[in-house]
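Reader: I have a model open and want to learn how to read it. Where do we begin?

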Amino acid sequence: MESQSLPVNYLPIIIQMLVAVGFVVTTMFFTHRLGPKRQTADKLTPFESGVEVVGNARTPVSIKYFLVAILFVLFDVEVIFMYPWAVNFKAMGTEGLIEMFIFMATLLLGFIYIVKKGALDWN
């Protein structure tokens, strides 16, 4: 039995999205209208994580921070590609298993290259 993808099948998803967007807009509107509006000098000063701001915001940041962040995003996105494979694991059979092993081997080679280059060392 094949299932057909009809526009009416997407109606619950559209309704859920409309309810979510409506909730967000309504909440933001009412909190903006009903919330206190007293602005003092203390409230307008920059503040981050309980630490007073010292110095200029334009100070250079180590490139290691950005490199690790980009590597995290890269490997995180690669892991996301495994979910559809896991869902359709039985349907893909041996061919799908071999392809996933090739994909994982490529990931492993990239990770070994990154470790050998010292991209994750914080010295």
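**Reading rings and fold**

Author: Start with one side chain. This is a predicted model. F75 has 22% relative accessibility, so it counts as partly exposed; the cut-off for buried is under 20%.

Reader: How does F111 count, buried or partly exposed?

Author: F111 is partly exposed, at 38% relative accessibility.

Reader: How many aromatic pairs are there?

Author: Ring centres must lie within 6.5 Å, and planes over 60 degrees apart count as edge-to-face. The count comes to four aromatic pairs. F75 and F111 form one of them, edge-to-face, with 6.1 Å centre to centre and 85° between the planes.

Reader: Which parts does the pair of F75 and F111 tie together?

Author: F75 sits in helix α3 (residues 63–80) and F111 in helix α5 (residues 89–117), so the pair links parts 36 residues apart in sequence. Now take W85 and F89. Their ring centres are 5.3 Å apart and the planes stand at 80°, so this pair is edge-to-face. F89 is partly exposed, at 40% relative accessibility.

Reader: What pattern does the protein chain follow along the sequence?

Author: The pattern is α-α-β-β-α-α-α. That comes to five helices and two strands. The radius of gyration is 25 Å, well over the 14 Å that the globule rule gives for 123 residues, so the protein chain is more spread out than a compact globule.

Reader: What does the C-alpha trace span along its principal axes?

Author: The C-alpha trace spans about 65 × 55 × 20 Å. Buried residues make up 7% of the 123 residues. The protein chain exposes about 11600 Å², with 70% of it supplied by carbon and sulfur atoms.

Technical notes:
Residues numbered from 1 in each chain as written. Heavy atoms only, no water. Phe/Tyr/Trp six-rings, centres within 6.5 Å; stacked < 30°, edge-to-face > 60°. Helix = DSSP H or I, 4+ residues; strand = E, 2+ residues; numbered from the N terminus. Buried < 20%, exposed > 50% of the residue type's maximum accessible area, 1.4 Å probe, protein only. Rg over C-alpha atoms; globule rule 2.2 N^0.38 Å. Areas by Shrake-Rupley, 256 points an atom, 1.4 Å probe, with all protein chains shown as cover.
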